[in-house]
Amino acid sequence: MNKFKGILFTLKKRIENISENDNDYYKYLVMGYYDGLEINTVDQWYKMRPRGLRELNLQVDISSPFVDQYTMRAFFPENRDELENCGFDYEIWDKIGDTGLEEFRKDVIDERKKNPYICMSALNIADPLVLGDNLSSVSEILKSRLIESAENSDVLLSELHCAVFPSIGYIDYIVLFLTDDLNKVSRILSGLRKETNPRTLISGIYSVCGMDSANASCADTEKCSDVQIALYINLREGISIGNFIQGLDDEIDKGEEHLTGYREELVHLRTELKENVYLTFGYSDSMIVLYKSLSIYKQLYAENHILNPGHEFYKKYIANLRTSVRIKEKEITPESTGRMPDASEFDAKCLRYDEFIQQYSFFLERNNFPVRTAIGLKQIMKNYLNISSLTRSFDIETVVGGAFSALVNAVTYYINKSVELPDEIRGNEEEEELYLVKIKNEYTQTVEAVKLFKENIGDFIADLMRSDCAFIEGNTLSHPAIGSATKLLFAYTELLNRLTLEYKEDDRIQFIAISGGCDKIESVDLFSFASPGEIEKIKKLIIISIPEMSLYDVQGTLFRILHECMHFIGDRDRKKRYRYIINALSEYMAHDITSMRFSERSLKKYIECAANGCDGEIYVEISEKFRKNFARITASAKRDIQQIIVNHKLYQDYLKHSSDIYYHREVVFFRVLRFECLADSLASDGLVHDIYEILCKKRVELLESFTDILNCLYEKEKHNNIDRAYRLRTSIRQFSLQLCRCRHLLEEGECDRIEIKFVEDYFESFLYREKGGTIKLEQFYTEIADSVVSAMVECYSDCTAIVLTEMPAEDFLLSFMYELWDVDQAFPSNLSDSLRMGADLKVMYGIKGCLGEELEAKIIKKVNKKKEEGYVYRHIPEMIERINFLLSQYQNEKFSGIAKNIEGYIREICIYQRQTVYSGLKEMYRKCAFDDDSKVGYVYASISAMLCKWKELREAK
């Protein structure tokens with residue numbers, strides 16, 4: 001079994017008005033739209049990332065002479081040994097790709113001398129079912145068709161050093177040939193296009209040919225006598241065709257000593273110009289067609305010759321030169337076909353979109369919105385229809401078509417909402433006004449949603465079009481990852497929508513994963529403004545944007561997109577979450593109140609007062625018994641206060657709602673958790689008095705217990721130690737006086753102004769917390785409530801994703817640092833993140849207080865392993881330190897009640913997830929390690945797992 005090896009094919013387009021010989025920047029001179037081809041191999045999966053390309057200088061650079069560098073990512077097939085036994089050749093491509101550019105130009109091997117021409121064909125398979133089950137290998141059908149086509153052309157594949165490379169991009173396969181005769185390759189490629197029963201094999205094919213930039217002069221050009229080269233020339237500003245011809249005459253007149261052996265070809269070119277120069281419309285100023293062999297073109301283009309960009313003639317007269325290769329077909333055999341494409345489905349789709357655009361345009365005009373939104377959307381739809389009309393469009397139709405369907409569904413719902421007033425509010429001016437404002441806001445937000453769709457999906461479709469064989473020549477990609485890692489993007493989309501199906505929410509949620517324009521994974525809910533009731537009536541479209549570098553960190557990205565996904569789907573039981581939130585807040589408040597009224601400081605005062613100068617054993621006994629009773633009564637007071645707050649009318653009345661829509665985060669905040677709600681409620685009922693009464697009762701209970709303890713000690717000491725007995729008797733009188741006072745206030749219903757003022761002040765400070773002398777500077781209650789809710793929401797997504805994948809703790813923590821290199825961004829040191837990390841690590845991994853040496857060692861080991869594989873994590877010691885800090889904060893007794901309830905909610909909800917949902921995700925996560933250093937072939941298993949997920953889109957179509 002072979003070890004993984006990737007291969008990168010970079011097509012390069014030179015800038016206009018170039019003033020240097022760009023042959024020095026690529027291995028093969030290409031004829032056609034592109035000017036050069038670079039081939040590089042990589043031995044590690046992570047080197048396929050943008051950083052790997054950057055290290056190989058395969059991205060556009062200001063100082064390079066290229067306006068576009070289009071890289072297609074592929075890999076040596078897992079079954080290459082089997083293919084080599086059938087005549088395919090991978091060894092030579094391994095050598096070519098592994099050779100640096102400078103070394104390539106110096107060290108010319110014999111095979112390159114004999115075969116200086118290269119042909120590269122990027123092809124798409126019409127039906128993915130023919131790809132087979134192992135998508136890290138070349139399919140049996142394509143292998144057989146290439147062999148058959150070569151035999152029908154009387155050519156041996158081994159002569160042409162043919163090799164086939166599967167691709168992770170929009171292209172399915174890249175086929176390479178090395179030859180001395182372009183005719184042989186053209187016949188094989190022509191044979192591939194033939195339709196065979198029972199299905200068409202090839203959907204589209206884009207081929208380029210070129211010459212070894214260091215070895216072109218070695219070719220036997222007579223073998224390519226049927227090859228014709230057309231030259232398309234753009235002249236520099238201020239240069240006419242007459243200037244060009246005069247310049248050519250001047251070059252010829254310089255004499256043989258300046259023309260280095262190609263004067264004959266130059267004279268020939270001058271002669272051809274008289275008969276074969278054409279002034280053209282369009283971008284090219286003129287076209288020169290040479291009906292001769294390649295030798296003339298090669299001589300004209302050679303280093304220091306006039307059509308080489310480094311020559312002074314080129315610099316003075318030519319802005320851009322483009323070539324076109326034409327091979328004369330000697331014999332064409334007529335063949336019939338019974339295939340007739342069915343256009344009914346495509347026509348119906350066009351009609352449906354056209355009707356929608358008309359409806360949307362009318363809506364925009366009627367409501368005074370700019371119609372350019374509809375015009376832009378129409379162009380995007382047209383682009384989609386164009387690319388989805390191709391035979392090979394199963395993935396486009398499922399992924400992009402599904403996104404369009406969701407958009408049309410939701411927009412149609414909102415623009416059809418009538419401004420007619422419902423009968424139940426007619427006559428109520430205030431209600432009527434609020435209703436009309438609501439409808440107008442929804443209209444505005446709908447238009448904004450369409451704009452967001454245009455911004456995100458417009459570039460996505462444009463770059464998909466550019467990546468297709470039919471459109472590969474054109475403008476630079478906005479986001480290269482879309483074309484070069486399309487199958488990974490589509491696999492992520494299929495995974496998300498499959499999970500939505502597992503949760504039986506596919507009728508209301510549609511996901512689409514795109515790439516580019518972000519530094520970390522982000523989700524955009526186009527219809528986030530939908531009310532909970534409306535969510536059941538529309539199909540929401542969620543766009544997940546994945547940074548290009550993250551596409552190749554498959555395990556980490558699986559966790560991150562699952563985390564985003566779980567913000568929108570899943571049975572999170574919001575009513576139960578609401579109960580846990582109220583319990584958490586009430587426990588926090590109860591702990592706060594009791595820790596202030598029954599503080600350690602007050603206990604010490606009680607002990608000192610009771611001891612009254614006694615020391616030794618008697619002091620220790622008083623201290624121990626007081627502390628035991630103090631802790632018991634304080635805990636009882638905390639429970640009672642917590643129960644009083646939980647049963648508060650504001651919180652309990654809300655539980656009468658049975659529908660889940662009332663417990664959405666935003667709804668709960670607006671109706672219950674806003675500090676104004678609690679402030680208003682406190683002013684209208686007896687919560688303050690109830691808490692005051694509990695404090696008074698517990699104070700009496702505490703003093704009673706202390707007095708009992710002192711009486712027992714007094715009885716024991718009065719016959720043994722008169723001095724101690726006297727001191728204890730004095731203490732008993734003091735405690736009895738306090739006890740009598742507290743009992744009197746409680747029994748007579750009189751108010752202890754100090755105690756009641758404390759409770760009132762507590763809620764005042766809790767709601768508004770005075771800071772810097774300015775009241776209401778910080779709404780503390782809202783801050784705590786928001787932290788609790790945020791932690792529960794994030795923990796639900798975290799823990800569900802962990803359960804679905806069974807990822808280890810070190811992977812979980814490092815997944816935050818892959819995209820967010822800054823520790824402060826990955827793990828902010830605030831209450832919400834402290835609660836989140838503390839609950840996640842305790843519930844899922846049993847980690848409390850700190851990470852521990854064993855886990856820290858696993859993290860370091862993983863980081864070092866990834867470094868060997870080509871990826872470097874940053875600031876790991878700082879990350880470990882920050883997480884340990886968050887865990888220590890989580891242990892703070894002040895937040896113990898909150899922590900207990902977050903953990904309780906997560907445990908209760910995630911038990912179900914552990915048992916029933918999408919068990920295949922665990923296996924997929926395990927396979928997608930892309931571990932270069934594990935047993936041979938493991939990366940291929942990872943690739944196959946992702947590509948199989950892409951292939952499943954065929955079944956979903």
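Colleague: How many bridges join strand β5 to strand β8?
Modeller: This is a predicted model, where local features need pLDDT of at least 70, side-chain atom pairs count only at pLDDT 80 or more, and totals for chains, interfaces and linings use all residues. Residues are numbered from 1 along each chain as its sequence is written, and side-chain values use heavy atoms, with hydrogens and water left out. Strands (E, at least two residues) and helices (H or I, at least four) are DSSP runs numbered from the N terminus. β5 spans residues 117-125 and β8 residues 202-212, they run antiparallel, and the count of bridges is 9.

Colleague: Which residue in β8 is the bridge partner of Cys119?
Modeller: Two strands pair if DSSP finds at least two bridges between them, and β5 and β8 have 9. Cys119 has its partner in β8, and that's Cys209.

Colleague: Which strands sit at the edges of that sheet?
Modeller: The sheet is open and antiparallel, with 8 strands in the order β4-β1-β3-β2-β8-β5-β7-β6. An edge strand here pairs on one side only, and that leaves β4 (66-75) and β6 (163-166).

Colleague: What angle does helix α3 make with β3?
Modeller: Angles run from 0 to 180 degrees between N-to-C directions, using lines fitted to C-alpha atoms, for helices over the stretch in contact (heavy atoms within 4.5 Å). Helix α3 (residues 91-98) packs on the sheet and touches β2, β3, β5, β6 and β7. Its direction against that of β3 comes out at about 100 degrees.

Colleague: Which residue in β15 stands opposite Ile509?
Modeller: β13 and β15 (residues 540-546) pair in the parallel sense over 7 bridges. Opposite Ile509 you'll find Lys540.

Colleague: At roughly what angle do α30 and α33 cross?
Modeller: The residues making this contact include Ile784 and Cys795 of α30, along with Leu831 and Tyr845 of α33. The two axes come within 8 Å, and the crossing is roughly 35 degrees.
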